[in-house]
Amino acid sequence: PFWREVRLAPYGRLVQAPLPAAFSVPASLASAMDVASSLILTAHGDALRLVCNAAGVHFAGLQQAARALRGRLSSKSHRRLLALDAAAALVRHVTAPGKRAFLLELA
C-alpha cells in the first residue's frame with residue numbers, strides 16, 4: 001500500500017520510506033542479476049531471429065513463433081521458447097519502483 005511507500009518529510013515533502021535491511025541486495029548479486037537479465041534478453045532476441053529466419057516468416061514474439069511451429073518443434077523446445085518469452089517479458093518490465101512496491105507489499 002502507498003502509505004508504507006511514502007512518508008512526510010519536513011515542510012510536507014513526500015519521500016520514499018526506506019526498505020528494511022532484509023530487502024537490500026549485495027552489489028555482487030546485483031551485478032550478477034544484471035548479467036542474467038542481459039543473457040535472457042540477448043537469448044530472446046537471438047532465438048527470435050533464428051526462428052524467424054528458419055521459418056522464413058516474421059513473428060512478433062517467441063510465443064507466436066512457438067504456436068506457429070508447434071508441429072516442427074520438439075515439445076521441449078516449444079516449452080523452452082515459451083519460458084524464454086515469459087522471462088524476457090518479466091525482465092523488460094521490472095523497474096526499481098515496481099520492485100520496491102512489490103517487496104513492501106510482501107513485508
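The model is predicted, so local features need pLDDT of at least 70 and side-chain atom pairs count only at pLDDT 80 or more, while totals for chains, interfaces and linings use all residues. Residues are numbered from 1 along each chain as its sequence is written, and side-chain values use heavy atoms, with hydrogens and water left out.

Among contacts (heavy atoms within 4.5 Å) with a separation of 6 or more, 41% link residues 24 or more positions apart.

The largest nonpolar core has 11 residues: Ala-47, Leu-48, Val-51, Cys-52, Phe-59, Leu-62, Ala-65, Ala-66, Leu-69, Leu-81 and Leu-84. Such a core is a set of buried Ala, Val, Leu, Ile, Met, Phe, Trp, Tyr and Cys residues joined through side-chain atoms within 4.5 Å. Two or more residues of this core come from each of α2, α3 (62-68) and α4, and α2 provides the largest share, 4 residues. Beyond its neighbours within four places in sequence, Ala-47 is in contact with Leu-62, Leu-81 and Leu-84.

Helix α4 spans residues 75-93, 19 residues in all, and reaches 27 Å from its first C-alpha to its last, close to the 27 Å expected at 1.5 Å a residue (1.5 Å times one less than the number of residues). Its buried residues include His-78, Leu-81, Leu-84, Asp-85 and Ala-88. Seen down the axis of α4, the buried residues fall within an arc of 125 degrees, so they line one face of the helix; the arc is that of the directions from the helix axis to the C-beta atoms. Ser-75, Lys-76, Arg-79, Arg-80 and Leu-90 are exposed on the other side of α4.

His-44 lies in helix α2 (residues 27-55) and is buried, with a relative accessible area of 11%. Its side chain makes a polar contact with the side chain of Asp-85 (2.9 Å); a polar contact is a pair of N or O atoms within 3.5 Å, and within protein one must be able to donate a hydrogen and the other to accept it, with residues adjacent in sequence counting only if both atoms are side-chain atoms. Leaving aside neighbours within four places in sequence, His-44 is in contact with Leu-62, Leu-84, Asp-85, Ala-88 and Arg-92.

Key:
Buried < 20%, exposed > 50% of the residue type's maximum accessible area, 1.4 Å probe, protein only.
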